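Subject: Structure for your files, with notes

Hello,

Please find the structure below.

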Amino acid sequence: MRNGILMQYFEYAMANDGQHWKNLKADAPHLSELGITAVWIPPCFKGTSSSDTGYAVYDLYDLGEFDQKGTVRTKYGTKDELIEAINALHENGIQVYADIVLNHKAGSDETQTFKVVEVEINNRTNVISEPYDVKGWTKFTFPGRNNKYSDFKWSFEHFTGIDYNNANGKTAVYKILGDNKDWAENVDKDFGNFDYLMFADIDFNHPDVKNEIYKWFKWFVNETRIDGVRIDAIKHINQDFIKEFLKFIKNEQGEEFYVVGEYWQSNHEVLDDYLDREEHLLDLFDVSLHFNFYRASKESNSFDMRAIFDNSLVKTHPQLAVTFVDNHDSQPMQALESFVEDWFKPLAYALILLRKDGYPTIFHGDYYGIANVKEYRPIRDVIDDLIRIRRKNAYGEQQDYLDHGNTIGWTRLGTEEHPDGCAVVLTNGSDGEKEMYVGKIHSGEIWIDRVGNNPAEVIIDEQGKGIFQVSGGSVSCYTKKE
């Protein structure tokens, strides 16, 4: 989608009031008018309680329909309210991507006794005990749903590991033993083998598991009419299964059905390799670029802005990179906290919204605020300005001026359909300026900063160039003065 914009429509700390789907439905016209073309919604499945964000998933078939885990609704609302929100987004021309959590299950209904070995927490390939029996929470019967939609019951043989022995209350990483059972081989290599993340870890080598996941996915898309998915925690899931699953999705839903994976890894070579192994069948979030933004915000004017795109996915795979500034994992008080400093946020959003490469994502927390960080002030007005410029001006050939340690810039030369173009200049240092080419067709025009950070009026010379000024620690985006 040309100049498409994705919004992550949630943050981790939002209220457990069941109003989220209603709020999204009401906001759909505004999002459409703003220029949002797709919305990424949080996991909409029943978790361990009404306060669960959806990542401790209990029942993939319960979208807020059944009385399970002490609640009918999820944190975000009921199934009917979810469907109404999706319909409202579709009516306003906005696609919907659902966050799906397949790596693990939580909140089981019964314990079972089975054999395990303990493994070293920091090296899961190192077994540190003899086999012995544990009592683990691995039996999922979903009594509140009573076999509606599926009669599949999950049992210990469908999992590879757990982290709690109910027989003695001991917390450890336990590898479940059984025929043809082991950690998945094709996963991230952190901790020796990062198959196990949390709760009851699903075994995607088990044929019954794969069949059930395929059956569920067809049901889920049919029920919700979503346009795509974000697959959570794919670094922990067998790569061979993911490839098979992606081909199944494309075959069932068509090539236009969108898939993006969350592989939280700052080493771009790992992400590059993953995309190659998965035959480029999905996009990935550009975690490497996020960490460039994070370091730049922390290091201030000592960060070399010429390196802002170094080792990023958007540089190596520009058509497969989903760019973002922050998200629910990086926000304050989360395990993966790496929140970009306030002063750098406008610069970072300009770097993803006004360039030709990548699929930019707006974080709900940056637009509407973060519930448990009252002192954080969202930058809604800045994002609004940048989106307007993206929609009207950020088209066509891109000329880069990434040639100074503090002050960098680029121009977009426009197209026949969108001829206006724009010039962007930003700095992490003191006041600066950049001579840049915007096209001879603009000779004699006066250009001004549309984000309002610099009062300069720039006259485009006969060669199609202008000297564009930027105030210290800020970004300016110039377009033709009306």
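The structure holds 4 cavities of 30 Å³ or more. The model is a predicted one, in which local features need pLDDT of at least 70 and side-chain atom pairs count only at pLDDT 80 or more, while totals for chains, interfaces and linings use all residues. Residues are numbered from 1 along each chain as its sequence is written, and side-chain values use heavy atoms, with hydrogens and water left out.

On a 1 Å grid over the protein atoms alone, a cavity is a set of points where a 1.4 Å probe fits but cannot get out; a pocket is an open set with protein on both sides within 12 Å along at least five of seven lines; lining residues have an atom within 4 Å of a point. Grid points are joined across faces, edges and corners, and a volume is the space filled by probe spheres set on the points.

The largest cavity has a volume of about 70 Å³. Its lining includes Asp-59, Tyr-61, Phe-142, Arg-145, Ser-150 and Trp-216. Helix 3 gives the most to this lining, with 3 residues. By class, the lining of the largest cavity has 7 nonpolar, 1 polar and 4 charged residues (nonpolar: Ala, Val, Leu, Ile, Met, Phe, Trp, Tyr, Cys and Pro; charged: Asp, Glu, Lys and Arg; polar: the others, Gly among them).

The second largest cavity has a volume of about 50 Å³. Among the residues that line it are Thr-160, Asp-195, Asp-203, His-236 and Asn-238. The classes here are 4 nonpolar, 4 polar and 2 charged.

**Two helices**

Helices (H or I, at least four residues) and strands (E, at least two) are DSSP runs, numbered from the N terminus. The expected span of a helix is 1.5 Å times one less than its number of residues.

Helix 4 covers residues 239–253; its 15 residues should span 21 Å, and its end C-alpha atoms are 21 Å apart, which agrees. At its N-terminal end the cap is Asn-238, with a side-chain oxygen 2.7 Å from the backbone nitrogen of Asp-240. Asn-238 also belongs to the lining of the second largest cavity. Gly-254 follows helix 4, and its phi is positive, near 95°.

Helix 6 (residues 287–299) has 13 residues, which should span 18 Å; the end C-alpha atoms are 18 Å apart, in agreement. Its buried residues include Val-287, His-290, Asn-292 and Ala-296. The buried residues of helix 6 pack against helix 5, strand 15 (283–285), helix 7 (313–316), strand 16 (321–324) and helix 8 (345–353). After helix 6 comes Ser-300, whose phi is positive, near 55°.

Two terms are needed here. Contact means heavy atoms within 4.5 Å. A polar contact is a pair of N or O atoms within 3.5 Å; within protein, one must be able to donate a hydrogen and the other to accept it, and residues adjacent in sequence count only if both atoms are side-chain atoms.

Arg-145 lies in the loop between strand 9 (132–139) and strand 10 (159–165). Arg-145 counts as buried because its relative accessibility is 3%. Its side chain reaches the backbone oxygen of Ser-150 at 3.0 Å. Leaving aside neighbours within four places in sequence, Arg-145 is in contact with Asp-59, Tyr-61, Phe-66, Gln-68 and Ser-150.

Glu-445 sits in the loop between strand 21 (432–437) and strand 22 (446–449). Glu-445 is buried, at a relative accessible area of 15%, and its side chain makes a polar contact with the side chain of His-442 (2.9 Å).

Ala-38 is in strand 2 (residues 38–41) and is buried, at 0% relative accessibility. Not counting residues up to four places away in sequence, Ala-38 touches residues including Ile-5, Met-7, Tyr-97 and Tyr-359.

Regards

Key: Buried means under 20% relative accessible area, exposed over 50%, partly exposed in between (1.4 Å probe, protein chains only).
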